Amino acid sequence: MSQSVVLDKEAAPAAGGKLRGHPWLTLLTVAVGVMMVALDGTVVAIANPAIQTDLKASPADIQWVTSGYLLALAVFLITAGKIGDRFGHRNTFLVGAVGFAATSAAIGFAGSIQQVIFFRVLQGLFGALLQPAALGLLRGAFPADKLNMAIGIWGGVIGASTAAGPIVGGLLVEHVNWESVFFINVPVGIIALVLGLLILKDVRAEKAAKSFDVPGIVLLSGAMFMLVWGIIKAPGWGWGDPATLLFLGGAVLALVVFAVWQNYAKEPLIPLALFRSVPLSAGTLLMVLMAFAFFGGIFFVTFYLQNVHGMAPVDAGVHLLPMTGMMIVGAPLAGFLIGKVGPRIPIVGGMLFTTAAMLGMSTLDIHSGNGVMALWFVLMGLGLSPVMVGATEVIVGNAPLELSGVAGGLQQAAMQVGGSLGTAVLGAVMASKVTSTLPDKWAATGVPFPTGEQGEQLKQAAQLGIAPPAPADTPANLVQGMADAVHSSFVSGMSVAFVVAAIVAAAAAGLGLLTRRGANDAGPAVHI
C-alpha cells in the first residue's frame with residue numbers, strides 16, 4: 001500500500017539507522033549493477049576473435065555481436081528512464097540486474113552465432129534499464145550537497161570497470177574460454193540483486209507520469225535506431241550512399257515528428273519544456289561532443305598499441321591504465337570540486353585538458369615510447385573526469401525530480417550517440433588519410449603497390465595498422481620497410497583523427513561555459 005509523504009532528503013535515508021535507503025550503501029549497490037554494463041562494453045571486444053573461430057562466424061556476424069548490443073542500449077535508454085520514473089527506479093534496477101545476468105548466462109550457453117547476437121540484443125535492453133535507474137536512485141538517496149561526490153564515485157567505478165575489461169577479458173579468454181567472459185556477470189548480478197533487495201529504497205516523485213506515451217516511444221526509438229545504425233554502417237556504405245542518407249534522413253524526420261507529437265501527447269515521453277533549461281541542453285550536447293572526441297579517438301589507440309607496437313591485448317589494457325587510473329581517481333575528486341565551485345569551471349578546464357591531450361596524441365609516431373604515451377593518457381584521464389561527472393550532474397540536476405529517470409536516459413543516450421558518431425566520423429577521416437598516404441610510402445620501399453582487390457585489402461588492413469605477412473623468401477629489411485609503410489600510414493591517419501577530436505573537444509570547452517549547478521536537486525514530495 002502506498003501513501004503520499006514529503007521526505008526530508010537529508011534525514012530520511014538515515015532514519016532509524018536502517019540499511020534500507022542508506023546513501024552510501026545505495027551507491028555501493030548501484031555501482032555493482034552498473035559495473036556489469038561498463039565491463040561488458042570493453043571485455044567482449046577481446047572475446048570476439050575467439051567467438052568468431054569457435055562459432056565459425058562471418059565478420060558481419062561478429063560486428064552484430066557488438067552493434068546489436070550498442071543499438072539496443074542506445075535505442076532503449078530514454079524509454080528505460082521513463083519506466084523507472086513510472087514504476088520506481090528500485091524495481092527497474094532489480095529487473096535490469098536479473099535480466100542482464102540471465103542473458104549473459106544465455107550467451108555463454110549459446111550454440112550458434114545467431115543465438116549470441118539475439119541474447120546480446122536482449123542484454124543491451126536490460127543494460128539500458130540499469131543505468132538511468134542507477135542515477136535516479138542516487139538522486140533520491142543523496143542530499144544536494146553530496147550528490148556530486150556520489151556521481152563522481154559512481155563514475156570512478158565505471159572507469160575502473162571499463163579499464164579492467166581488456167585485462168579481465170584477455171585473462172579469461174586465454175586461460176579459460178570465451179564463454180567465461182559472459183558467465184562472470186552471473187555472480188555479479190546475483191550480488192546486485194541481493195544488495196538491491198536489502199538496501200535500495202524506492203523513492204518516486206509524486207508528479208511522475210501514470211501512463212506511457214506509446215507513439216512517442218515508437219517515434220523516438222525508431223529515430224535512435226536509424227541514427228545509430230546509419231552512423232555505424234556509414235563507413236562501409238559511404239557517407240553519400242543512398243542507404244546511409246535514407247537512414248540518417250529517416251532519423252531526422254522521425255525526430256521532427258516526435259518533437260511535434262510531444263506538444264500534443266497527454267503525458268509526453270520527453271516534455272520539450274525540459275530543453276528550455278539552457279544548462280540541461282548544453283549539458284546534453286556537451287556529453288555528445290565529449291563522447292565524440294573520447295570514444296572516437298580512443299578507438300584507434302587500441303589498434304595502435306596492439307598492431308603498431310605489437311602488444312598483446314592484456315598488455316594494451318595495462319598501457320591504458322594511466323588514463324583509466326586517472327579517471328578512477330579523478331572522478332570522486334571532480335565530484336568534490338564541483339560540489340564546492342559548481343560544474344562550469346571544472347568542465348571547461350577538463351575539456352581544455354582533453355583538448356591538449358588529443359593534440360599531444362596527434363604527435364605520436366611508430367617509435368613513440370611508453371613515457372610519452374603515458375603522459376598524454378594521464379592528461380586525458382584528468383580532463384575527462386570533471387566532464388563526465390559535471391555533465392551528468394548538469395543534466396540530471398536541472399531536470400524536475402519526476403523526470404530524473406528520463407534525464408538519466410538522456411545523459412546515457414547522448415554518450416552512446418556521441419561515441420558512435422565519433423567512431424564513424426573519425427574512422428572515415430582516418431580511412432581517407434591512410435588511403436591517400438599508403439601508396440607513396442609503400443612505393444618508397446621499392447615494391448610496386450598492388451592493384452585491384454589485393455590493393456584494396458592492403459588499404460583496409462592498413463586502416464587497422466595491420467601489416468600483411470610477406471612471402472617467406474622476402475629479405476628482412478624489405479619486410480621491415482613494408483611494415484613501417486603500413487604503420488606510418490596508420491599513424492598519419494590517427495594523427496589527423498586526433499586533431500579533429502581536439503577541435504571537437506575545444507568546442508565542448510566553449511559549450512561548458514553555458515552550464516551551471518542543477519536547480520532541482522532538493523526534490524519535492526515522494527511516494528514510498
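**From a surface valine to the nonpolar cores**

Val260 is partly exposed, with a relative accessible area of 45%; buried means under 20%, exposed over 50%, and partly exposed in between (1.4 Å probe, protein chains only). This is a predicted model, in which local features need pLDDT of at least 70 and side-chain atom pairs count only at pLDDT 80 or more, while totals for chains, interfaces and linings use all residues. Residues are numbered from 1 along each chain as its sequence is written, and side-chain values use heavy atoms, with hydrogens and water left out.

Val260 is placed in helix α9 (residues 242-262); helices (H or I, at least four residues) and strands (E, at least two) are DSSP runs, numbered from the N terminus.

The largest nonpolar core has 62 residues, and Met290, Phe294, Tyr304 and Met380 have the most contacts inside it. Such a core is a set of buried Ala, Val, Leu, Ile, Met, Phe, Trp, Tyr and Cys residues joined through side-chain atoms within 4.5 Å. Among the elements giving two or more residues to this core are α10 (278-308) and α17 (476-511); α10 gives the most, with 16 residues. Apart from this core lies another, of 61 residues, including Leu73 and Leu410.

Met290 touches Met351, Leu384, Val387, Met388 and Met415, not counting residues up to four places away in sequence; contact means heavy atoms within 4.5 Å.

Finally, Thr515 lies in the loop between α17 and β3 (526-527). Thr515 counts as buried because its relative accessibility is 0%. Among the residues that Thr515 touches, not counting those up to four places away in sequence, are Pro279, Leu286 and Val394.
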